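Here is a short tour to read beside your sequence and model. Please keep the 3D view open as you go.

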Amino acid sequence: MVSWPVNVPFSAPDDLPKTLVRTLNQGSSPTSMDFHPVQQTLLLVGTDVGDIGLWEVSSRERLVLTNFTVWDVNACSMPLQTALLQDPDVYVKRVIWSPDGSLFGVSYSRHIVQLYAYHGAEDVKQHLEIDAHVGGVNDLAFSTPNKQLCVITCGDDKTIKVWEANTGQKQYTFEGHEAPVYSVCPHHKENIQMVK
């Protein structure tokens, strides 16, 4: 279930909205949500059973419901195929819109990142599937180094990876972390792209 509070100006923690305006029944427990960067009443929701929902919040209409499935099992690594055979339960770790809202990404608890193209209303198409990490893909973010849209992922395998968002070509792998990486935050300073 997703709740939508009244939009009130925020000035201090005591001023947090307290009036419930919308309740949306996703059908399973949300694990991640993100509002469209341009059409701010569109809400993307990922769940604990791998579902992805796209909601028009103002009308309470669910535009899209997609259940988790691997798009091309034969293209997946053997560790992923084995993991899915041993335990087929997969949940969404993160959903996020690209900066212009033309794509959204989904990271899952098993190896996979999926990118979808969004063309408005109910028009959502599979764009790219990446067998990104060994284990869970804990977070993903979009970035535009050198004006090229990239997806940054991190995972249980203690790495951060950067992928070209149109082709899925891996650009970089950052290794050397002593533990699984749970979050990424791309930013730039003085025209230098960084990931924290």
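## Cysteines

A search of the whole structure finds 0 disulfides, a disulfide being a pair of cysteine sulfur atoms within 2.5 Å. Cys-154 counts as buried, at 0% relative accessibility, whereas Cys-185 is partly exposed at 43%. Here buried means under 20% relative accessible area, exposed means over 50%, and partly exposed falls in between (1.4 Å probe, protein chains only).

This is a predicted model, in which local features need pLDDT of at least 70 and side-chain atom pairs count only at pLDDT 80 or more, while totals for chains, interfaces and linings use all residues. Residues are numbered from 1 along each chain as its sequence is written, and side-chain values use heavy atoms, with hydrogens and water left out.

## The chain overall

The protein chain has 1 helix and 16 strands; these are DSSP runs numbered from the N terminus (helices H or I, at least four residues; strands E, at least two). Of its 196 residues, 42% count as buried. The accessible surface comes to about 10,700 Å², and 51% of that belongs to carbon and sulfur atoms, with areas from the Shrake-Rupley method and a 1.4 Å probe, counting for residues only the protein chains shown as cover.

## Nonpolar cores

In soluble globular proteins, nonpolar side chains tend to be buried together. A nonpolar core is a set of buried Ala, Val, Leu, Ile, Met, Phe, Trp, Tyr and Cys residues joined through side-chain atoms within 4.5 Å. The largest one here has 21 residues, and those touching the most other members are Ile-52, Leu-54, Phe-104, Val-106, Tyr-108, Tyr-116 and Val-124. Strands S4 (42-47), S5, S6, S7 (92-97), S8 (103-108) and S9 each give two or more residues to this core. Apart from it lies another core, of 15 residues, including Ala-117, Ile-130, Ala-132 and Leu-149.

Tyr-116 is worth a click: this residue lies in strand S9 (residues 112-118) and is buried at 4% relative accessibility. Beyond its neighbours within four places in sequence, Tyr-116 is in contact with residues including Ile-52, Trp-71, Phe-104 and His-127, where contact means heavy atoms within 4.5 Å. The Tyr-116 side chain also makes a polar contact with the side chain of Gln-114 (3.2 Å); such a contact is a pair of N or O atoms within 3.5 Å, one able to donate a hydrogen and the other to accept it within protein, and residues adjacent in sequence count only if both atoms are side-chain atoms.

## Salt bridges

How many salt bridges are there? The count comes to 3, taking a salt bridge as a side-chain nitrogen of Lys or Arg within 4 Å of a carboxyl oxygen of Asp or Glu.

Asp-87 pairs with Arg-110, with the closest N and O atoms 2.8 Å apart. Asp-87 lies in the loop between helix H1 (78-86) and S7, and Arg-110 in the loop between S8 and S9, so this pair ties together parts 23 residues apart in sequence. Asp-139 forms a salt bridge with Arg-94, again listed at 2.8 Å between the closest N and O atoms; Asp-139 is in strand S11 (residues 137-143) and Arg-94 in strand S7, so parts 45 residues apart in sequence are tied together. The side chains of Asp-123 and Lys-125 also meet in a salt bridge (2.7 Å, N to O).

## Positive phi in two loops

Arg-60, in the loop between strand S5 (52-56) and strand S6 (61-66), has a positive phi near 65° and is not a glycine. Lys-158 has a positive phi of about 70° although it is not a glycine either, and sits in the loop between strand S12 (150-155) and strand S13 (160-164).
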